Amino acid sequence: MNTTPPSPRRPLTERRKAATRLEIARAAAELFTEHGPDATSAEEIADRAGVALRTFYRYFRNKHDAVGPLLAVGAERWRALLAATGPGTPLPEALERTLAEALAVPVGGTAEGLRRTRALLRTALRDPALRAVWYRVNQESEERLVPVLARLAGPDSDPLELRLTAAVAVDALRIGLEVWAAPDAPPGAAGAGTGSPAGPALRCLRELSGGLRPLAPVTPAAR
């Protein structure tokens, strides 16, 4: 029997990889919003991030993919909060509460941070290649949300309703963020109050989920 304790290096290595990946993403976002994607090269992103070009390509296939981690932050935070929700919590309540928490401006959050986020989203929606990354990030978020919802809904929940709920939830987040980031929408638009995208996203969630029934077990006739 192997009694050797797990190596403490692995978690640290994974954290370092995640930190490097995010640092490259931030550098790409800065350069894209400053100069535009067309005028930015992978070499310039690597230089801004302080890594070698080969390191850049170890993490990303191309320069556009580099902003994926930043575009996924809101959905990842929401999914983590949902995953930590206690079983038995009504799903509509859990979705709204955790979405508001995920998108709220954190204590000590700055207007500059919000400005950078909005600038990146605006750039992504104007550029076809970045827009494709944005849509792919949302598709991946939808797929990853299904098992989280399944755990909350219980073993007898309808798989079709789980997929529909995941699709509605992710679309609500996506549309809310796009509305919030629109050039003619000031911080706090659509009831955000604090200037966060929580207001528009919550409104979208309520509007889009209005026609969904609460997740329920599949009846024999539906099988």
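Modeller: Helices and strands here are DSSP runs, numbered from the N terminus: a helix (H or I) has at least four residues and a strand (E) at least two. The model is predicted, so local features need pLDDT of at least 70 and side-chain atom pairs count only at pLDDT 80 or more, while totals for chains, interfaces and linings use all residues. Residues are numbered from 1 along each chain as its sequence is written, and side-chain values use heavy atoms, with hydrogens and water left out.

The protein chain has 10 helices and zero strands. Searching the whole structure gives two cavities of 30 Å³ or more. A cavity is a set of points on a 1 Å grid over the protein atoms alone where a 1.4 Å probe fits but cannot get out; lining residues have an atom within 4 Å of a point. Points are joined across faces, edges and corners, and a volume is the space filled by probe spheres set on them.

The largest cavity holds about 60 Å³ of space. Its lining consists of A75, W78, R79, S141, L145, V170 and L173. Two or more of these residues come from each of α5, α8 and α9, and α5 gives the largest share, three residues. By class, the lining has five nonpolar residues, one polar and one charged. (Nonpolar: Ala, Val, Leu, Ile, Met, Phe, Trp, Tyr, Cys, Pro; charged: Asp, Glu, Lys, Arg; polar: the others, Gly among them.)

The second largest cavity contains about 50 Å³. A75, S141 and L173 belong to its lining too, together with L71, G74, W134, V137, N138 and L177. Here again α5, α8 and α9 each supply at least two residues, but the largest share, four residues, is from α8. Six of the lining residues are nonpolar and three are polar, with no charged residue.

The largest pocket (an open set of grid points with protein on both sides within 12 Å along at least five of seven lines) has a volume of about 1300 Å³. L70, L71, V73, G74 and T117 are the closest to its centre among the 46 residues that line this pocket. Helix α7 (111-126) provides the largest share of the pocket lining, eight residues. That lining has 23 nonpolar, eight polar and 15 charged residues.
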